[in-house]
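Please walk through this fold with me, one piece at a time. Keep the sequence and the 3D view side by side.

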Amino acid sequence: GDNYKLIEFDIVNANRGTNLEGKRFNLNNIGAVFLHYVLDALPLTVLRNKADHQEELCLTAHRRKDQTYDLLENDFFQARLQLQESWQAYDWSKQTEAERYYHEHLQEFYRHSKDDIYYCYSALRAIDNINRLLDDRAFILSSDILACRDKRYVIVGNSVAHKIDSEFILDWQKQQGNQGCIINEPDKNLSRLLI
């Protein structure tokens, strides 16, 4: 039928959208939002606590030496790259506004963490932006990957999808007065976050 509209919506940086004709579009009174493999593709910072500072995981990409240029054989760009990991000192004063905005919450939540920290600052910003558009009884359902035991990320098509810390996101939402739950299905490598 005709009872639908297609829009482009920047969930990280704005709370308004643009329809496919290029006109500005105001969103409000939304009853439900479904985010399927969206949060785990947003910018993420992986940190680890050291004795007197934090370090950030950095990735460097190189073309695989054993990969041919035959796109008919492998047309996934990411599959033709070799990713190398390194850790570098993390300076909070030089990070984006979005990263600094949730800094205190992150420090409190992970105060004694000895594991890697999956700092989902863009996922927090996205859900906060969406929440401002929803009515009182609306909900958000997000489905994302569970990171494999020996990997921090997986290649999905031409994108890199990564683990997000749903507990961290849910804790922030509860501080904002929202309720939610997490359902993990390891056999399907799937995590669902309901807010």
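A residue counts as buried under 20% relative accessible area, as exposed over 50%, and as partly exposed in between. Arginine 192 has a relative accessible area of 29%, so it is partly exposed. The model you are viewing is predicted.

Arginine 192 has a charged partner. Its side chain meets that of glutamate 185 in a salt bridge, at 2.1 Å from N to O. Glutamate 185 is buried, with a relative accessible area of 17%. Side chains of opposite charge can pair when their charged atoms come close.

Now look at the strands around this pair. Strand β12 covers residues 181-185, and β13 covers residues 190-194. The two run antiparallel and are joined by 5 bridges. Cysteine 181 stands opposite leucine 194 of β13.

These strands belong to an open sheet. It has 4 strands in the order β4-β9-β13-β12, and the pairing is mixed. The edge strands are β4 (30-36) and β12, each of which pairs on one side only. From one strand to the next, the twist averages 10°.

A helix packs on this sheet. Helix α3, residues 121-131, touches β4, β9 (134-145) and β13. The direction of α3 makes about 155° with that of β9. How much of α3 is buried? Of its 11 residues, 10 are buried, so the helix is largely enclosed by the rest of the structure. The buried set runs through Tyr121, Ser122, Ala123, Leu124, Arg125, Ala126, Ile127, Asp128, Asn129 and Ile130.

What does the side chain of serine 191 join in a polar contact? The partner is the side chain of asparagine 184, at 2.7 Å. Leaving aside residues up to four places away in sequence, serine 191 touches Ser142, Ser143, Asp144, Leu146, Ser166, Ile182, Ile183 and Asn184. In a regular strand, the side chains alternate between the two faces of the sheet.

Which side chain does arginine 125 meet in a salt bridge? It is that of glutamate 97, at 3.5 Å from N to O. Glutamate 97 sits in helix α1 (residues 97-101), while arginine 125 sits in α3. The pair links distant parts of the chain, 28 residues apart. Glutamate 97 has 45% relative accessibility, so it counts as partly exposed.

The structure holds 7 salt bridges. Another of them joins glutamate 85 to arginine 152, with the closest N and O atoms 2.6 Å apart. Here too, distant parts of the chain are linked. Glutamate 85 lies in strand β7 (residues 81-89), and arginine 152 lies in the loop between β9 and β10 (153-156). The two are 67 residues apart. At 38% relative accessibility, glutamate 85 is partly exposed. There is also a third member to find. Glu85, Asp116 and Arg152 are linked in a network of salt bridges.

Move on from that loop into β10. Strand β10 is joined by 4 bridges to β11 (residues 159-162), and the two run antiparallel. The bridge partner of tyrosine 153 in β11 is histidine 162. Together β10 and β11 form a hairpin with 2 residues between them. Glycine 157, in the turn, has a positive phi of about 60°.

Finish with another sheet. This open sheet has 3 strands in the order β1-β2-β3, with antiparallel pairing. β1 (7-9) and β3 (24-25) stand at its edges. Each has a single partner strand, so one side of each is left without a neighbour in the sheet. Strand β2, residues 17-19, is joined to β3 by 2 bridges. Glycine 17 has phenylalanine 25 of β3 as its bridge partner.

Threonine 18 is found in β2. Is threonine 18 buried or exposed? Its relative accessible area is 18%, so it is buried. Not counting residues up to four places away in sequence, threonine 18 touches Ile7, Glu8, Lys23, Arg24 and Phe25.

Methods: Residues numbered from 1 in each chain as written. Predicted model: local features only at pLDDT ≥ 70, side-chain atom pairs only at ≥ 80, totals over all residues. Heavy atoms only, no water. Pairing = 2+ DSSP bridges. Axes fitted to C-alpha atoms, helices over the stretch in contact; angles between N-to-C directions. Contact = heavy atoms within 4.5 Å. Buried < 20%, exposed > 50% of the residue type's maximum accessible area, 1.4 Å probe, protein only. Salt bridge = Lys/Arg side-chain N within 4 Å of Asp/Glu carboxyl O. Polar contact = N/O pair within 3.5 Å; in protein donor to acceptor, adjacent residues only side chain to side chain.
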